[in-house]
Amino acid sequence: MSNVDIIIHRGTHQIGGVATEIRTENARIIIDMGDELCLKPEDVSRPLDIDGVTNDNGKCDAVFFTHYHSDHIGQFHRVREGIPMYMGGLAKEIFLLSHHFESEEHKARATKIKTFKARKGVKVKDITVIPFLVDHSASDAYMFLIKAGEKKILHTGDFRLHGFRSKGFLPTIQK
């Protein structure tokens with residue numbers, strides 16, 4: 001196994017609007033495609049433009065969403081048609097019921113999002129993504145353990161340590 005690259009496309013200097021890429025020689029995944037959080041009503045989130053994800057200049061094998069808040073999934077509709085998208089089952093239901101879709105096309109794309117189950121790995125070529133439920137203000141929020149060869153990456157997403165599920169967080173991290 002050669003290198004595993006991690007590229008933060010957005011989210012290092014702001015809250016929200018996150019997008020993280022993890023890739024090997026054989027596979028490439030994105031975690032979250034979020035809108036930037038705007039403090040003023042006149043502010044608008046900048047579109048995420050990621051080669052191979054939002055255009056045809058490359059390839060992407062899958063996009064995973066940690067949860068349904070717009071700063072994590074707000075630009076899902078920019079993901080190129082044909083790239084599988086994944087999120088938790090309850091999170092998808094809440095997203096479909098609570099989100100204001102800009103068009104019927106966006107709503108149709110959202111209904112095609114695939115779901116995963118906690119602690120059940122999703123294999124994307126030589127990358128395995130294992131979702132772990134975390135406590136957050138969004139129901140059905142996840143962190144991801146990403147395995148690629150001998151390497152492991154923990155993408156925590158958003159979590160809190162004071163909610164009713166928080167007791168499991170530290171034991172999960174220690175494990």
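Two strands pair here if DSSP finds at least two bridges between them, and the strands themselves (E, at least two residues), like the helices (H or I, at least four), are DSSP runs numbered from the N terminus. What you're looking at is a predicted model, where local features need pLDDT of at least 70, side-chain atom pairs count only at pLDDT 80 or more, and totals for chains, interfaces and linings use all residues. Residues are numbered from 1 along each chain as its sequence is written, and side-chain values use heavy atoms, with hydrogens and water left out.

**View 1. Strand S3 and its partners, S2 and S4.** S3 (residues 28–31) runs parallel to strand S4 (residues 62–64), joined to S4 by three bridges. Ile31 stands opposite Phe64 of S4. With strand S2 (residues 19–23), S3 pairs in the antiparallel sense over four bridges, and Ile22 has Ile29 as its bridge partner. A hairpin of four residues takes the chain from S2 to S3. Both faces of S3 are covered: Arg28 and Ile30 on one side, Ile29 and Ile31 on the other, are all buried (buried means under 20% relative accessible area, exposed over 50%, partly exposed in between, with a 1.4 Å probe and protein chains only).

**View 2. Asp140 in its loop.** Look between strands S8 (127–134) and S9 (141–148) for the loop that holds Asp140. Asp140 has a relative accessible area of 11%, so this residue counts as buried. A polar atom of its side chain lies 2.8 Å from the backbone nitrogen of Ala91 and one lies 3.4 Å from the backbone nitrogen of Gly89. Leaving aside residues up to four places away in sequence, Asp140 touches Thr66, Gly88, Gly89, Leu90, Ala91 and Leu133 (contact means heavy atoms within 4.5 Å).

**View 3. Lys123, out on strand S7.** Lys123 is found in S7 (residues 122–124) and is exposed, at 58% relative accessibility. A polar atom of its side chain lies 3.3 Å from the backbone oxygen of Lys125. Between the C-alpha atoms of Lys123 and Asp140 there are 20 Å, with the two residues 17 apart along the chain.

**View 4. Phe76 meets Phe95.** Rings of Phe, Tyr and Trp (its six-membered ring) pair if their centres lie within 6.5 Å; planes under 30 degrees apart count as stacked, over 60 as edge-to-face and the rest as tilted. That rule gives seven aromatic pairs. In one of them, the rings of Phe76 and Phe95 have centres 5.4 Å apart and planes at 90°, so they sit edge-to-face. Phe76 is buried at 1% relative accessibility, and Phe95 is buried with a relative accessible area of 1%.

Terms used
A polar contact is a pair of N or O atoms within 3.5 Å; within protein, one must be able to donate a hydrogen and the other to accept it, and residues adjacent in sequence count only if both atoms are side-chain atoms.
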